[in-house]
Amino acid sequence: MDSKAKRISILIVLCALVVIMAAVVAVNFNQLMGKEKKKGQDVADSVEQGIEADGKVSGADLSAFLRDDTFFDNDASQSVAVEETRVDESGNPIKELTLLASSVERDIRVKVIDDKGDAVIGQEFTVVVEDTGAYVDEDKDGVIRISDIKPGEYKVSLNAVEGYDVPEAPVNVRVKSIVSYTVIDDISFFVHSEDEVDVAKDDTENDEIDSMDEDDTQYTALLDMEEERENAVQLGIDVSKWNKEIDWEIVKAEGVDFAIIRCGYRGSTSGWLVKDPYFFKNLEGARKAGIKVGVYFFTQAVDLVEAVEEASMVVSLLGDTKLEYPVFIDTEGAGGNGRADDLDPGTRTAVVNAFCKTIENAGMISGVYASRNWYLNNLNQDELNDQKIWLAEYRQTPEYDGHYDMWQYTSSGSVAGIEGRVDLNISYLGIE
């Protein structure tokens, strides 16, 4: 066989081998694909058979991962600590207490508050003043007042009480020697709401004045006579919770220029400082209607310390609110049963001056409210400072011959927007 024929034979053999190999590959590929398809179909059939009517997979153990110690990152899971609530032997939560202490003049005022800042009521706490003695909260109001303490530095601690976590370290307080007539920083902790007191016994502000200070000639409507309107710079009202809901827009439309709003009172029996429940609503409503505002506080203070407390409460409630009219101390009687009703004129005058001086030191204008008879017989007029005088005398022309800046001319007035009687006033303060 020549070389040409030999090359042709080899080429034919190689082509045959290529064809055979291609055939083998094709057969194997089809078999492989068939097996994979069958395997996939088997899995699908298996899952379909395992799904029950409610959509759950039968036989599935969905909590198996919980038994796998390696599933979670142990370090990460251990870094989250759960705070446990401490409980007493009976399983009740232990309440954490805070002790506050301050002084106005030769006294220590202690208050026990909870984690919300409220006084703890109903528990007879005992506090110990270092080198002085132990004092008990007998009326269980969360407040202990200790008087006749010599000026100096003291440590006050709270005795252990079951169910409570009391402070371990005592609090320090500096007892002052004299009243400084400055606002008490923590006074807000000593202010109560009406749901904490017996209102019938504590809110005994008497809107009736001595019969000698009124007659049938009094006006009972806002003055609209031109001559009176010219003499009276402003016409106004004074209100409290007793006037209930007030439509201030209507009141403004009636011609009311200003309103003196009661912010609170001292309980006639308990002596507690109590906020008038309508104060903030009245304050906001009057200002929104464009009515100028002042405030008054019904006092039952029996000494200078309590007078400073009352003034401090007023300042605390007002916060950043700016007043156009003064802050008045209402020093009228409480029906004969009030804790301050029997004060002598000298003590009552000192109380009034202490209140007003504290208000003035807070940057506000102070004033005194009383009837003609009260000014003449229950206050020493010549000892009053330069407070604004608000006179209550219910007749056409006042008989009071002293100076006054405002005149309450009736308690039986009528103004649209206020249900029932309302006090009506004229102001000569010249406030525009």
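How many residues line the largest cavity, and which of them lie nearest its centre?

## Largest cavity

The largest cavity is lined by 14 residues, and Thr 299, Thr 331, Ala 340, Leu 343 and Arg 348 lie nearest its centre. A cavity is a set of points, on a 1 Å grid over the protein atoms alone, where a 1.4 Å probe fits but cannot get out; lining residues have an atom within 4 Å of a point. Its volume, the space filled by probe spheres set on the points, is about 90 Å³.

Helix α8 (residues 345-361) gives the most to this lining, with three residues. Helices are DSSP runs of H or I with at least four residues, and strands are runs of E with at least two.

## Basis of the model

This is a predicted model, in which local features need pLDDT of at least 70 and side-chain atom pairs count only at pLDDT 80 or more, while totals for chains, interfaces and linings use all residues. Residues are numbered from 1 along each chain as its sequence is written, and side-chain values use heavy atoms, with hydrogens and water left out.

## Largest pocket

A pocket is an open set of points with protein on both sides within 12 Å along at least five of seven lines. The largest pocket has a volume of about 380 Å³. Its lining comprises 21 residues, with Asp 207, Ser 240, Trp 242, Asn 243 and Asp 423 nearest the centre. Strands β11 (234-239), β18 (406-413) and β19 (422-427) each supply at least two residues of this lining.
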